[in-house]
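Take a moment to get your bearings before reading on.

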Amino acid sequence: MKKHTNSILEIYFRKQFDGLIWRIIPSANTDSDEWAVEIRNQESKTVRHAVIDLSVPETKWYAELPFAEWSTQLTGSGSGRLFFHQYRQHELPQPDDLIAADSKTGLPEWVLPHHNFISVLDDKRLLTFQRSPAGLQEKRYYIKDAQPADSDYLNITDPTVSYRAPIRYLPDNIYFSKISSFLRKLTGTEEPVVIDYLEANQFLVLSYYIYREKAFEQWLLVTDIYGSVLYHEKTGERLSGIGIETILFKNNKLVFLTNNNEFTSLNLTQ
């Protein structure tokens, strides 16, 4: 079935990388438009990272960081820092160290051995857990210098979620058929196998997959609250699998991947 495509909305920002984008993490600070990106090249077994500032918008830097190995994984961002897990024992699935790097340069600032990142609590502190022979224990540290901050425990509130992620609907969900019918009515699409649904300001955003010729296709649909199609384009084809959190929304910007190697953003201003 032929799909109706429509792109009244224009691309706000796009950046294509020379590898596959594995992770995109927005800053935990609500007033920041920085997005950290992890890019991997399977052929060369190299991993690079980038920081994109959508307030400009521009790519602040894109580099192979001095401490980053294939086993290094981007895990958090906030308060001017990027956080990484380092896996030194490749046969074990658990990270060994927590590394913080300056988000302006990518240069490392400190390392916490045997710690895992949990979340940024506020603009000064982060929450981790420490592994020891006695088990796992929550630990709080100052982001600036990794000094213990457990004495400030009573002053810490629940961390604020700075972005919005979609709700995933699978065929066994009671709402799946209704959303699928909405998609078919507007676009003429085939029956989707997965639908990610997000409400952003006065917009409805749906990222969905269809299965065709032994591979997945991914599409992105943006409508207003009245059902008028504002954006409908294919974002991936011949895909071997289905991604997680395929769309993210923060500070009026919708972020998604195109062809798994392009960071793409739409401006969804009210």
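This is a predicted model: local features need pLDDT of at least 70, side-chain atom pairs count only at pLDDT 80 or more; totals for chains, interfaces and linings use all residues.

Residues are numbered from 1 along each chain as its sequence is written, and side-chain values use heavy atoms, with hydrogens and water left out.

Let's start inside. In soluble globular proteins, nonpolar side chains tend to be buried together. A nonpolar core here is a set of buried Ala, Val, Leu, Ile, Met, Phe, Trp, Tyr and Cys residues joined through side-chain atoms within 4.5 Å. The largest such core has 15 residues, and those touching the most other members are Val 205, Leu 220, Val 222, Leu 254, Leu 266 and Leu 268. Which elements give two or more residues to this core? They are the strands S15 (194–200), S16 (203–212), S17 (215–224), S18 (229–239), S19 (247–250) and S20. Strands are DSSP runs of E with at least two residues, helices are runs of H or I with at least four, and both are numbered from the N terminus.

Val 222 sits in strand S17 and is buried, with a relative accessible area of 0%. (Buried means under 20% relative accessible area, exposed over 50%, and partly exposed in between, using a 1.4 Å probe and protein chains only.) Setting aside neighbours within four places in sequence, Val 222 has contacts (heavy atoms within 4.5 Å) that include Leu 9, Val 205, Tyr 231, Leu 254, Leu 266 and Leu 268. Leu 266, with residues up to four places away not counted, touches a list of residues including Leu 9, Ile 11, Leu 220, Val 222 and Phe 256.

Now compare a loop residue. Gln 202 is in the loop between S15 and S16, and at 39% relative accessibility Gln 202 counts as partly exposed. Beyond its neighbours within four places in sequence, Gln 202 is in contact with Thr 223, Asp 224, Ile 225 and Gln 270. Gln 202 and Leu 268 are 66 residues apart along the chain, yet their C-alpha atoms are separated by 8.3 Å.

Next, the empty space. Rolling a probe the size of a water molecule over the atoms shows where empty space is left. On a 1 Å grid over the protein atoms alone, a cavity is a set of points where a 1.4 Å probe fits but cannot get out, whereas a pocket is an open set with protein on both sides within 12 Å along at least five of seven lines; lining residues have an atom within 4 Å of a point. Points are joined across faces, edges and corners, and a volume is the space filled by probe spheres set on them. The largest pocket holds about 950 Å³. It is lined by 35 residues, and the closest to its centre are Arg 23, Ile 24, Ile 244, Glu 245 and Leu 248. Strands S3 (20–26), S7 (72–78), S11 (115–120) and S20 (253–258) each give two or more residues to this lining, and S3 gives the most, with seven. By type, the lining has 21 nonpolar, twelve polar and two charged residues.

On to charges. Side chains of opposite charge can pair when their charged atoms come close. The whole structure has 14 salt bridges, each being a side-chain nitrogen of Lys or Arg within 4 Å of a carboxyl oxygen of Asp or Glu. Glu 190, Arg 212, Glu 217, Lys 234 and Glu 237 are linked in a network of them. Within that group, Glu 217 meets Arg 212 at 3.1 Å, N to O; Glu 217 is buried at 8%, while Arg 212 is partly exposed at 27%.

Finally, some backbone details. Val 56 and Pro 57 are joined by a cis peptide bond, with omega about -10°, and Pro 57 lies in the loop between strand S5 (46–53) and S6. His 114 is not a glycine but has a positive phi of about 60°, and Asn 260, also not a glycine, has a positive phi of about 65°.

Definitions and conventions. Ala, Val, Leu, Ile, Met, Phe, Trp, Tyr, Cys and Pro count as nonpolar, Asp, Glu, Lys and Arg as charged, and the others, Gly among them, as polar.
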